Amino acid sequence: MRTIFVVLLVAVLSCAGPSAQELIGAQPTVTATGARALVDACLAHAKANKQRVGIAVVDPHGNLLDYHTMEGTNVIAGESAILKAKTAVRWWRSTEELNARVLKEENVAPVWIGDFPQRGGVPIFVNGEIVGGMGIGGGGGDECAKAAIAAVLKNATTTTPSTRP
């Protein structure tokens with residue numbers, strides 16, 4: 001009886017589906033701590049360049065991780081920062097590049113699906129994988145985000161993918 005039970009158990013286990021490890025991905029992502037460091041670095045850059053900006057950092061799925069607006073910015077600066085960050089991760093490109101494509105009518109999809117293809121949003125890649133995005137509203141375009149990414153995440157990070165989806 002015991003032998004039959006063991007044989008049946010082995011048969012059931014060998015017929016089981018994939019292990020949980022095979023079903024769960026390991027997507028790297030900007031952490032909340034990383035997002036705060038990016039915001040702080042961008043704030044330092046903006047202050048040094050006498051800019052007033054809204055700053056947003058999102059994860060690779062577009063979920064807002066951190067957000068800050070400086071005193072004296074209007075509501076559009078903050079709201080556009082969030083939209084730009086989400087647009088950059090959806091399209092895996094800077095919103096400045098998307099804007100150029102929309103203006104040339106190469107791809108107007110970002111407009112009609114409700115994205116915000118205006119300069120100021122950049123995706124963040126580490127070793128070719130998207131880990132998040134930053135959006136800057138109110139002035140300075142991509143410069144504040146790129147300066148923050150370089151200062152905080154260093155050389156392993158880029159704002160352009162090695163391949164495009």
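Modeller: A helix is a DSSP run of H or I with at least four residues, and helices are numbered from the N terminus. The model discussed here is predicted. In it, Thr87 belongs to helix 4, which covers residues 75–91.

Colleague: Why is Thr87 called buried?

Modeller: Buried means under 20% relative accessible area. Thr87 has 1% relative accessibility, and therefore counts as buried. Setting aside residues up to four places away in sequence, Thr87 touches Thr95, Leu98, Asp115 and Phe116.

Colleague: Is Trp112 buried or exposed, and why?

Modeller: The cut-off for exposed is over 50%. Trp112 has a relative accessibility of 63%, so Trp112 counts as exposed. Trp112 is placed in helix 6, residues 109–112. Together with Val108 and Ile113, Trp112 makes a nonpolar surface patch of about 310 Å².

Colleague: What makes Cys42 and Cys144 a disulfide?

Modeller: A disulfide requires two cysteine sulfur atoms within 2.5 Å. The sulfur atoms of Cys42 and Cys144 are 2.0 Å apart, and the pair forms a disulfide. A search of the whole structure finds 1 disulfide. The link of Cys42 and Cys144 is right-handed, with 135 degrees about the S-S bond.

Colleague: Which parts does the pair tie together?

Modeller: Cys42 lies in helix 3 (residues 32–48) and Cys144 in helix 7 (residues 143–153), so the parts tied together are 102 residues apart in sequence. Both Cys42 and Cys144 are buried.

Methods:
Residues are numbered from 1 along each chain as its sequence is written. This is a predicted model: local features need pLDDT of at least 70, side-chain atom pairs count only at pLDDT 80 or more; totals for chains, interfaces and linings use all residues. Side-chain values use heavy atoms; hydrogens and water are left out. Patches are made of residues with over 30% relative accessible area and no salt bridge: like charges are joined within 9 Å, nonpolar side chains (Val, Leu, Ile, Met, Phe, Trp, Tyr) within 5 Å. Accessible areas come from the Shrake-Rupley method with a 1.4 Å probe; for residues, only the protein chains shown count as cover. A salt bridge is a side-chain nitrogen of Lys or Arg within 4 Å of a carboxyl oxygen of Asp or Glu. Helices (H or I, at least four residues) and strands (E, at least two) are DSSP runs, numbered from the N terminus. Buried means under 20% relative accessible area, exposed over 50%, partly exposed in between (1.4 Å probe, protein chains only). Contact means heavy atoms within 4.5 Å.
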